[in-house]
Amino acid sequence: MFIDIVTFSVSALLLWFGANWIVTSASLIARKYNVSELVIGLTIVALGTSAPEFLVTINAAFRGQNDISLSNVVGSNIFNLGFILGLMALIKPLTSNRTIVYRDGLLLFLTTAGILAVSFTGTLGRVFGACLVALLVGYLTYLGMKREAVGEEELEETRGKVATWRDGVWLAAGFVAIAAGGDLMVTAATSIATQLGVSSWVIGVTIVAAGTSLPELVTCLAASVRGKNEMLLGNLIGSDFFNFAGVLGLTCLLKPLPVSAEASSGLIVLVGMVGLVLVLLRTGWKVRRWEGALLIAVNLVRWAHDFMH
């Protein structure tokens, strides 16, 4: 058990550093070749922060750990909107706007509800995976046509820097790190679940989900310190949408995922969580500190429920 815990901790560090290397180096390379801020923010930064979820999810799917595969995506999204968003609101109340609520938030809600509806068939198949990927491509195309300055704040730290050959090495190292971290995390989590006598779903939706959400947590803390509310909210809502449309969509496209009763239950909770977040964002266009505490409480209650069952 001790070795498994150490392995899990090492895998979390690999995912964390690997994602940071990808975001920083890829952003510099994209700037060098005059790729727009929008494309950088929505593709490279999104890939960087969602890469751990993708590597863990696809790795688990091909190793037959279907519950860990699906629970990682569901759990990461619950963790993002519950613990991370709640913690950020506790630190400093978050201001929202109509675009975040009615466009991005509503799209996330409808996508989550759609996945829940399809999950009742018992399988998330290749056709559905293709639909999710098509939705992501359509969304990015729409944003590209709108010419919005998305991702501007996220990349401030790269201003004045020029990409060199070293950035290519760091980019490759980032992908190697998250590949290794994803493999180690699935192995350690499965072993821990077996020894504790709890299901793979519970480990996936709690510990693995928290581990793969480290990049989002770091990004949001940096945004909170700089007072970038819109970037912070956009990062969390956008990351959740990318996890479903990109990570889950590609995984189902490559290998259909059977859906357990626990998975359907988790998706029901997530639909409720997204709905609650939208209501909080809309009331007064602000998420207050007590509302942040409420989101954290919902996340902790869900974790406790999962472990007790």
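Before selecting anything, note that helix axes are lines fitted to C-alpha atoms over the stretch in contact, and that angles run from 0 to 180 degrees between N-to-C directions. Helices (H or I, at least four residues) are DSSP runs, numbered from the N terminus. The model is predicted, with local features needing pLDDT of at least 70 and side-chain atom pairs counting only at pLDDT 80 or more, while totals for chains, interfaces and linings use all residues. Residues are numbered from 1 along each chain as its sequence is written, and side-chain values use heavy atoms, with hydrogens and water left out.

Start with helix 6 (residues 165-196) and helix 7 (residues 200-212), whose axes lie 10 Å apart and which pack at an angle of about 140°. Helix 6 is therefore oblique to helix 7, a word used for angles that are not under 35 degrees (roughly parallel), over 145 (roughly antiparallel) or 65 to 115 (roughly perpendicular). Their crossing is right-handed, meaning that the near helix is turned clockwise from the far one by less than a right angle.

Next, select Phe2, Ile3, Val6, Val10 and Leu184, which together form a nonpolar patch on the surface with about 480 Å² of accessible area. Such a patch joins nonpolar side chains (Val, Leu, Ile, Met, Phe, Trp, Tyr) within 5 Å, from residues with over 30% relative accessible area and no salt bridge; areas come from the Shrake-Rupley method with a 1.4 Å probe. Helix 1 (residues 2-32) gives the largest share of the patch, four residues. Val6 lies in helix 1 and is partly exposed, with a relative accessible area of 37%, where buried means under 20%, exposed over 50%, and partly exposed in between (1.4 Å probe, protein chains only).

Move on to Val118, which is found in helix 4 (residues 98-119) and counts as partly exposed at 23% relative accessibility.

Finish with the salt bridges (a side-chain nitrogen of Lys or Arg within 4 Å of a carboxyl oxygen of Asp or Glu), of which the structure holds two. One joins Asp104 to Arg103, with the closest N and O atoms 2.8 Å apart, and Asp104 is buried at a relative accessible area of 13%. The other joins Arg288 to Glu291, with the closest N and O atoms 3.4 Å apart; here Arg288 is partly exposed at 31%, whereas Glu291 is buried at 3%.

Terms used: Patches are made of residues with over 30% relative accessible area and no salt bridge: like charges are joined within 9 Å, nonpolar side chains (Val, Leu, Ile, Met, Phe, Trp, Tyr) within 5 Å. Helices (H or I, at least four residues) and strands (E, at least two) are DSSP runs, numbered from the N terminus.
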